[in-house]
Amino acid sequence: MQVREVDVAIIGAGTAGMTAYRIAREHTDNLLVIESSHYGTTCARVGCMPSKLLIAAAEVNHQIGEAGKFGIDVSSSTVDGARVMARVKAERDRFVGFVEEAVDDWPAEHKLWGKAKFVRPHEFMVDGGVRVIANRIVIAAGTTPAISTPWSSVRHMPPTYHQLFALYSL
């Protein structure tokens with residue numbers, strides 16, 4: 001079993017974890033970031049940023065529909081969903097690219113892939129049998145919604161981008 005002793009361990013490499021890494025790196029080079037999913041924020045990959053691009057497209061479409069009130073004649077307001085989604089995906093990839101470039105610049109010894117499970121204070125195990133002992137630990141693992149018992153039998157599913165676009169196009 002591999003044992004890593006570090007000054008700072010950061011669990012999670014989203015926005016908060018990446019910020020913690022940058023700040024910790026100003027004070028020590030003996031640090032480790034543990035990630036089990038993907039580097040970077042959910043916001044850039046599938047959340048806020050792509051959603052806002054869809055909302056912006058819907059808003060433009062809405063404004064075209066209101067143009068007549070301002071004496072502006074717009075003959076058509078055809079939405080090409082494939083082109084809208086192509087733009088959303090291209091911008092999403094650009095946002096995520098910035099994150100990937102930043103993480104690519106981190107030394108390999110600062111990155112560890114897997115899930116952390118605490119075994120005692122200042123010590124946890126990471127998938128694959130790596131034991132990490134850290135003087136300081138930053139938990140930046142994000143969140144998962146908790147569904148209360150009365151709603152536990154209801155199927156929860158986030159909307160797709162196409163559903164969001166349709167919703168905001170109304």
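Trainee: Before we get to the helices, how do you work out the expected span of a helix?
Mentor: Take 1.5 Å times one less than its number of residues. Keep in mind that we're looking at a predicted model here.

Trainee: OK, so what should helix H3 span, and how far apart are its end C-alpha atoms?
Mentor: H3 runs over residues 48-66, so its 19 residues should span 27 Å. The end C-alpha atoms are 26 Å apart, which agrees.

Trainee: Which residues of H3 are buried?
Mentor: Pro50, Ser51, Leu53, Leu54, Ala58 and Asn61. They cover an arc of only 160° around the axis, so they sit on the same side of H3.

Trainee: And what's on the face turned away from that buried side?
Mentor: That face carries Lys52 and Val60, which are exposed.

Trainee: Let me zoom out. How many helices and strands does the protein have?
Mentor: There are 5 helices and 6 strands. From the N terminus on, the order is β-α-β-α-α-α-β-β-β-β-α.

Trainee: How much of the protein counts as buried?
Mentor: Of its 170 residues, 32%. As for contacts with a separation of 6 or more, 65% are between residues 24 or more positions apart.

Trainee: Switching to pockets: how much space lies in the largest one?
Mentor: About 440 Å³. It is lined by 21 residues, and the closest to its centre are Gly12, Glu35, Ala140, Ala141 and Gly142.

Trainee: Which elements give two or more residues to that lining?
Mentor: Helix H1 (15-25) and strand E2 (31-35).

Trainee: What's the lining like by class?
Mentor: You get 13 polar, 6 nonpolar and 2 charged residues.

Trainee: Different spot now. Where is Glu123, and is that residue buried or exposed?
Mentor: Glu123 is in strand E5, residues 123-126. Its relative accessibility is 7%, and the cut-off for buried is under 20%, so Glu123 counts as buried.

Trainee: What does Glu123 touch, leaving out residues up to four places away in sequence?
Mentor: Phe118, Arg131, Val132, Ile133 and Ile137.

Trainee: And where is His122?
Mentor: His122 is in the loop between strand E4 (116-120) and E5. At 44% relative accessibility, His122 counts as partly exposed.

Technical notes:
Residues numbered from 1 in each chain as written. Predicted model: local features only at pLDDT ≥ 70, side-chain atom pairs only at ≥ 80, totals over all residues. Heavy atoms only, no water. Helix = DSSP H or I, 4+ residues; strand = E, 2+ residues; numbered from the N terminus. Buried < 20%, exposed > 50% of the residue type's maximum accessible area, 1.4 Å probe, protein only. Arc of directions from axis to C-beta. 1 Å grid on protein atoms, 1.4 Å probe; cavity = no way out; pocket = protein on both sides within 12 Å on 5 of 7 lines; lining within 4 Å. Points joined across faces, edges and corners; volume = space filled by probe spheres on them. Nonpolar A, V, L, I, M, F, W, Y, C, P; charged D, E, K, R; others polar. Contact = heavy atoms within 4.5 Å.
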